[in-house]
Amino acid sequence: MGRAAAHRARGDSAGLAQATTGGLAILLLHNTLGRDADSLVSHVAKHRERFTDFDAVETLGIGRGPAQIALTFDDGFRSNLQVARRLHSLGLQACFYVPTDIIGSDQPEVDAFFGRPQQEGVMTWDDLEEVRSLGHVVGSHCRQHRPLIDLSDAEGEDQIKRSLEELRRRLGQSEHFAWPFGSLRHADAAKVVQWCTEADARAASGVRGFNTRERLDSEGYLRRDAIDIRWIGVDIAAFLGRDAARSR
Ligand SMILES: [Zn+2]
């Protein structure tokens, strides 16, 4: 038995023992290229019952059973379109947080936008329409991809509200926002939550930890765990063996 399998075997029995604790782990991924995407999809297929639609953020902690995992993808990279199709064929809804000003741009613009050469380009508005039509959620990741903490309040509010407006105008709907870089050093979370609330959107961070109704009500933003997709199997095994009650 390999390390991941051993992890999983322990994790499953521990998970069953804690079967009433619930909670939701939200994974934060970026590019989904080649074999990394294959690996992600095969792990989702293998543990399909433990993955939940992103819409589960609305019912946190209400359901019973072991902790669940939802998937999110930041930055709008082109390879995410293929993964959106493959997750759809597994009947799983994910959330794609995209910086609206870069959608549909070419590679040099993408490299300049993120401040360094990227492995691939980004999706187009047509791609995002397809992602939406597959039943996934498309959320905002600001207009640009700058730390909100470096901006004035007026600029920060504009980054959030105008990007949501653009997504709604083009895709008909968008009720989610994740701030770039995700940590509490990169944004004033209370202000982000306030601006999102004013814009009828739910804020998400990159602060690690399980989501429960109690925690979301007190913090106001979703927590997400950034994952290196090259180690997706090990990480999923670890999440399957932990849950909210034991990892606060
Ligand atoms: Zn990002």
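**A guided reading of the predicted fold**

Over residues 1–20 the pLDDT stays under 50, and for this stretch the model has 28 contacts beyond four places in sequence. Here pLDDT is the predictor's confidence in each residue, from 0 to 100, and two residues are in contact if their C-beta atoms, placed from the backbone, lie within 7 Å. The model is a predicted one: local features need pLDDT of at least 70, side-chain atom pairs count only at pLDDT 80 or more, and totals for chains, interfaces and linings use all residues. Residues are numbered from 1 along each chain as its sequence is written. For the protein, the mean pLDDT is 89, and 87% of its residues reach 70 or more.

The protein contains nine helices and eight strands; these are DSSP runs numbered from the N terminus, with helices being H or I over at least four residues and strands being E over at least two. Of the 248 residues, 41% are buried. A residue is termed buried if 20 or more other C-beta atoms lie within 10 Å of its own, exposed if 12 or fewer, and partly exposed in between, with C-beta atoms placed from the backbone. Among contacts between residues at least 6 apart in sequence, 73% join residues at least 24 apart.

An α-helix has 3.6 residues a turn, so residues three or four places apart point the same way. L87, which lies in α3, is buried because 25 other C-beta atoms lie within 10 Å. Its C-alpha atom is 7.0 Å from that of V41, although L87 and V41 are 46 residues apart in sequence. Leaving aside neighbours within four places in sequence, L87 is in contact with V44, L92 and A94. After α3 comes G91, whose phi is positive, near 75°.

D75 has a positive phi of about 90° although it is not a glycine. With 23 other C-beta atoms within 10 Å, D75 is buried.

The next topic is helix packing. Two packed helices are described by the angle between their axes and the distance between the axes. Helix α2 (residues 34–46) and helix α9 (residues 232–240) have axes that come within 9 Å and cross at roughly 25°. The axes are lines fitted to C-alpha atoms, for helices over the stretch in contact, and angles run from 0 to 180 degrees between N-to-C directions. Helices α2 and α9 are therefore roughly parallel to each other; angles under 35 degrees count as roughly parallel, over 145 as roughly antiparallel, 65 to 115 as roughly perpendicular and the rest as oblique. The crossing of α2 and α9 is right-handed, a crossing being right-handed if the near helix is turned clockwise from the far one by less than a right angle, and left-handed if anticlockwise. On α2 the contact is made by S39, L40 and H43, and on α9 by I232, G233 and I236. By class, this contact of α2 with α9 has three nonpolar, three polar and no charged residues. In this scheme Ala, Val, Leu, Ile, Met, Phe, Trp, Tyr, Cys and Pro count as nonpolar, Asp, Glu, Lys and Arg as charged, and the others, Gly among them, as polar.

A second pair is formed by helix α6 (residues 153–171) and helix α7 (residues 189–198), which pack at an angle of about 50° with their axes 10 Å apart. Helices α6 and α7 are therefore oblique to each other, and their crossing is right-handed. In this pair D153, G156, E157, I160 and K161 of α6 meet K191, V192, W195 and C196 of α7. By class, the contact of α6 with α7 has four nonpolar, one polar and four charged residues.

The loop between β5 (176–178) and α7 contains L184 and also F181. F181 has a positive phi of about 75° although it is not a glycine, and F181 is partly exposed, with 16 other C-beta atoms within 10 Å. L184 is partly exposed, with 13 other C-beta atoms within 10 Å. Not counting residues up to four places away in sequence, L184 touches A189 and V207. The C-alpha atoms of L184 and G206, which are 22 residues apart along the chain, are separated by 8.4 Å.
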